[in-house]
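Look at the chain shown here.

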Amino acid sequence: MLRLGVQTFFKTQLQSRAMSSLLLSKGLIDGKWVSASIGEQFEVKNPANGQVIGSVPNMNAKDAQLAIDAAKRAFYSNEWSGLTAKQRSQLLKNWYHLIEKNTQEIAEIMTAESGKPINESKGEVVYGNSFMEWFAEEARRIYGEIVPAPVQNRELMVLKQPLGVAALITPWNFPLAMITRKAGAALAAGCTVVIKPAEDTPLTALAVAKLAQDAGIPKGVVNVVTTNKAAPIGDLFCKSPDVHGISFTGSTEVGKILYRQSADGVKKVSLELGGNAPFIVFDSANVEKAVEGAMASKFRNCGQTCVSANRFFVQEGIYDKFIEGLKARVESLKIGHGSSADTQIGPLINTMQYNKICGFVEDAVNKNCKVISGGKPLKDVGELFYAPTIISDIAPEAKIYNEEVFGPIVSIIKFKTEEEALKIANASQRGLAGYFFSEDIQQVFRVARRLEVGMVGVNEGLISAAEAPFGGVKESGIGREGCHHGIDEYTEIKYICLGNLKYN
């Protein structure tokens, strides 16, 4: 539980050593640190205790247009796209090394504004920075093709060229990794970017942008627009003829709006949207491994990740054993402010998310679902803390059965057969990630192919890596991030036909 004095930890830390140079209060446009054109700012608060840790410009569409203009100038002046792939690669490596060098400072800012435990924040910096390293390397491997011509006097060439200006809209739950995963790919391809971070976590974005500047990336290539009024800026990004690509990570509902708004301009759109991940434990599973996987998948960042296990299906033969093991692990979790090194569960991000979690549990109880553990707020720790919770006997009409939770709640459903589990698991319009545990190799290949998701964890609860494609099917999005496919979201294919050639 919470230690005395933790409330003042970040106030001290945020005033310390090199961190002061990364705790910024202005947006970045055309290489300059600027205020909002209308002079407004908004506060950024620590969700663990409600304390204000900083303030940033409350920018509007006018400011966003200035950022687009700067990115456009940087692109067409060849200050970035005109560099060789090797030159872009080296600058991205510089950025990678600066992020690595400032891991502790970035993690402290991230924990202060997001509430996630400090060890998780450090882990995110390492994970997020792996994308910067990967795309720095991939910048030199954006290959074209020579296609055999159908006639003798022609040569057919295929090039991959950068889109132009890319608008990146990133979420609060991974405030560094979602920037590096998008910006790393875009910059490797030769695009310039305008980043709009989430209003809950803009400070991490500004810190990372400062390091891009320090790395020698030219002005206008990376721009950051902060705001707590996102809709007008999103609308501008989608409708501006000077923005050639949109990348968004967030809710399915907002993603659909951006998709519609981008239609008139026929923009290239990459959407990584909400999930409703099934977590299936078969009778053949190693139960200890399944419990370990459940803890890793479900409770990272207090359950506030898009690939968190959302619906747990446990076969009747090992049902009681799994619940017993999971209950013991859940009740041993250390809950408190993220600044404490032994904290494993921090607060929910804001009041809206907290109320949503309370509503899920109340609805489940009213529909006669069984609370096995937790199921209550932890007001003695802080206003936005909720106990890690296990609920069984889930009624099909319960909200928790049908909606993405995004919080520390495990909802468990007993099943009899593989067919039954797959039918329920696939009866969702979301299809981002899915997990299952089985020691039956025949079953492993059957179920992995039949789960209607973009990513499958087999006997594993943590699946994301820079080397692997990240994305979903159905209403969980379009496009892929990470791996070599991630760069494709920021390139266009150009075909060149050279005719009337003479070879003799």
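The model is predicted.

UniProt, in an unreviewed entry, gives the feature "domain: Aldehyde dehydrogenase" at residues 33-496. That span is 38% helix and 20% strand. Its end C-alpha atoms lie 42 Å from each other.

## The interface

How many residues of domain 1 are in contact with domain 2? The number is 28, and they touch 29 residues of domain 2. The size of an interface is often given as the accessible area lost when the parts come together. Here domain 1 and domain 2 bury about 2000 Å² between them. Carbon and sulfur atoms hold 55% of that area.

Polar contacts also cross the interface. There are 11 such residue pairs between domain 1 and domain 2, with both residues at pLDDT 80 or more. H5 supplies the largest share, seven residues. By class, this side of domain 1 has 11 nonpolar, nine polar and eight charged residues.

## Salt bridges

Side chains of opposite charge can pair when their charged atoms come close. The whole structure has 23 salt bridges. How many lie between domain 1 and domain 2? The count is one. A salt bridge also joins the side chains of Arg430 and Glu253, with N to O at 3.2 Å.

Lys256 and Glu475 form another side-chain salt bridge, at 3.2 Å from N to O. Where do the two residues sit? Lys256 is in helix H9. Glu475 is in the loop between strand S20 (473-474) and strand S21 (477-478). The two residues are 219 residues apart, so this pair links distant parts of the chain.

Key:
Residues are numbered from 1 along each chain as its sequence is written. This is a predicted model: local features need pLDDT of at least 70, side-chain atom pairs count only at pLDDT 80 or more; totals for chains, interfaces and linings use all residues. Side-chain values use heavy atoms; hydrogens and water are left out. Contact means heavy atoms within 4.5 Å. Buried area is the accessible area (1.4 Å probe) that two parts lose on being put together, summed over both. A salt bridge is a side-chain nitrogen of Lys or Arg within 4 Å of a carboxyl oxygen of Asp or Glu. A polar contact is a pair of N or O atoms within 3.5 Å; within protein, one must be able to donate a hydrogen and the other to accept it, and residues adjacent in sequence count only if both atoms are side-chain atoms. Helices (H or I, at least four residues) and strands (E, at least two) are DSSP runs, numbered from the N terminus. Ala, Val, Leu, Ile, Met, Phe, Trp, Tyr, Cys and Pro count as nonpolar, Asp, Glu, Lys and Arg as charged, and the others, Gly among them, as polar. UniProt positions are given in the numbering used here, feature names are shortened, and annotations may be inferred rather than shown by experiment.
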